[in-house]
Structure formats: structure tokens, C-alpha cells
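Here are my notes on this model. Please read them alongside the coordinates.

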Amino acid sequence: MADLLTDDQIDLAIRDHLPEWKVVDNELVRSVKKPTFMDGIRLVATVAQLAESMNHHPDIDIRWTTITFRLATHDAGGITDNDLVLARHIDTAAG
């Protein structure tokens, strides 16, 4: 099982590498607004493939053109390095 990150480690990662993300209820959260519904669905499909390859799956909420990703390692009970890695992949996919 992955080790939980400390609040300081999470804050540093957000500040230095993940400025679009915030911590809400012990999860990393980011919303991405795409120009069209189908652009959002394509982003979800891309993230789904990345997540599957990592065997680490986000919670995804689709609201028309806004996609919200929530990351936490449920087995560990919070945020781990796996979440930071997936967040970076999501940022790349989101453009």
C-alpha cells in the first residue's frame, strides 16, 4: 500500500507542480472546463486510459462542459504519490 503524504508534502506539490489543484475533504480536486461536451468526454476517455494503465482511478464528475476530477488513494485513506502522479497526467491531458 502507498504511504500517505503529509499536509506539507501535499501543499508543496500543489504550489510547485499542481497549481490548478486544491485539497477538499482529503482529496485532490480539479475542475476543467472544455469548449464542448464532446471535448470533455474525450478528456474523460484519455484520463480513463491513463488511470487504467496506472491501476489508479479517479472519481470523475461530468457536468456538461465541466469535468471535475477527485483523487485519493482509498486503500491508504488519503492522498499519496500515486495521486500526485495521476494529477500531473490529468494536467497534461487537459492541456
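1. Charges first. Lys and Arg count as positive, Asp and Glu as negative, with His and the chain ends not counted. Each charge is placed at NZ of Lys, CZ of Arg, CG of Asp or CD of Glu. The protein has 9 positive and 16 negative side chains, and the centres of the two sets lie 11 Å apart.

2. Basis. This is a predicted model, where local features need pLDDT of at least 70, side-chain atom pairs count only at pLDDT 80 or more, and totals for chains, interfaces and linings use all residues. Residues are numbered from 1 along each chain as its sequence is written, and side-chain values use heavy atoms, leaving out hydrogens and water.

3. Fold. There are three helices and four strands (DSSP runs numbered from the N terminus: H or I, at least four residues, for helices; E, at least two, for strands). Their pattern along the sequence is α-β-β-α-β-β-α.

4. Burial. Buried residues (under 20% relative accessible area, 1.4 Å probe, protein chains only) make up 39% of the 95 residues.

5. Leu28. Not counting residues up to four places away in sequence, Leu28 touches residues including Ile10, Trp21, Phe69, Leu71 and Ala87 (contact: heavy atoms within 4.5 Å).

Methods: Buried < 20%, exposed > 50% of the residue type's maximum accessible area, 1.4 Å probe, protein only.
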